[in-house]
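Below are some comments for a colleague who wants to look through the model before using it. They are arranged as numbered points, to be read with the structure open.

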Amino acid sequence: MTRTSASPTGVDALILDYNGVLGLQPTNAMWTRLADLAEWPHRHLPSFQDAFWAPRNAYDAGELSDLAYWAKVLGHHPGPRWLRTLRAADTAMWTRTDPRVLDILYRAQAADLPMVLLSNAPAHLSNVLDATDWRREVMDDALYSARLGLCKPDPAAYEHALAATGVTEPRRVLFVDDREDNCRAAAELGLRTLHYTGQPADLEQQLLPAPANNRCS
């Protein structure tokens, strides 16, 4: 269905990144726990994080299985039980949400603003996010890199998300992400963008009309 209505804010739909916007970043304690579960030598967190991120884009894009990903991180294949433990701890790091952002999204959803989640996420995390209440209640659709077979900032990812909003004019769709490169790629396709820096008020200003001033006579 094509949407043609115009909102008071000039935004007819929202495409939202997950991690770093709605999803909270992992704490140092979470990273340390995952490194411990990985039995990382000397508990050296910086080298563990380097190993964690190096194959992550391929994992997010669905090019690596859980086993293949963790084999690259560890340098050897973990057994089935160890793999399940690592995957569970990894997934848990990315499932906490910012209640301030979630409140804004619920209010925007109540105002009938279509919302699509566009996240670079591996298959298992995608399934976990899809099972949350906020995903079912707030998002009209959710597109994950592992299912698309590509990651932001690939232009095709934004094209899929724009189609999912039902809005034909990119300039009336707001894309929100915490990474500048992802915002630049969206802007090149004509989308309105917000580089999110952890200030919910910036998001609220873009999505919700300012309340009318009440004046006493």
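Are Phe48 and Phe52 buried or exposed?

1. Phe48 is buried, and Phe52 is buried as well. This is a predicted model, and the relative accessibility of Phe52 comes to 0%, so that residue counts as buried, the cut-off being under 20%. Both residues belong to helix α2 (residues 45-53), where they sit 4 residues apart, about one turn of the helix.

2. On the aromatic pairs, of which the count comes to 14, the rings of Phe48 and Phe52 have centres 6.2 Å apart and planes at 50°, so this pair is tilted. The rings of Phe52 and Trp70 also deserve a look: their centres are 6.2 Å apart and their planes stand at 70°, which is over 60 and therefore makes the pair edge-to-face. Here the pair links distant parts of the chain, since Phe52 lies in helix α2 and Trp70 in helix α4 (residues 66-74), 18 residues apart. Trp70, with a relative accessibility of 0%, therefore counts as buried.

3. Turning to the strands, β2 (residues 115-119) is mostly covered, with 5 of its 5 residues buried. In a regular strand the side chains alternate between the two faces of the sheet. In β2, Met115, Leu117 and Ser119 point one way, while Val116 and Leu118 point the other way, and all of them are buried.

4. Strand β2 is paired with β1 (residues 13-16), the two running parallel and being joined by 3 bridges; within this pairing, Leu14 has Met115 of β2 as its bridge partner. Strand β2 also pairs in the parallel sense with β3 (residues 141-144), over 4 bridges, and there Ser119 stands opposite Tyr144 of β3.

5. As to confidence, the mean pLDDT of the protein is 93, and 93% of its residues reach 70 or more. Residues 1-5 call for caution, as their pLDDT stays under 50, and the model has 9 contacts for them beyond four places in sequence. Where pLDDT is low, the predicted coordinates should not be read in detail.

Note on methods
Residues are numbered from 1 along each chain as its sequence is written. This is a predicted model: local features need pLDDT of at least 70, side-chain atom pairs count only at pLDDT 80 or more; totals for chains, interfaces and linings use all residues. Side-chain values use heavy atoms; hydrogens and water are left out. pLDDT is the predictor's confidence in each residue, from 0 to 100. Contact means heavy atoms within 4.5 Å. Buried means under 20% relative accessible area, exposed over 50%, partly exposed in between (1.4 Å probe, protein chains only). Two strands pair if DSSP finds at least two bridges between them. Rings of Phe, Tyr and Trp (its six-membered ring) pair if their centres lie within 6.5 Å; planes under 30 degrees apart count as stacked, over 60 as edge-to-face and the rest as tilted.
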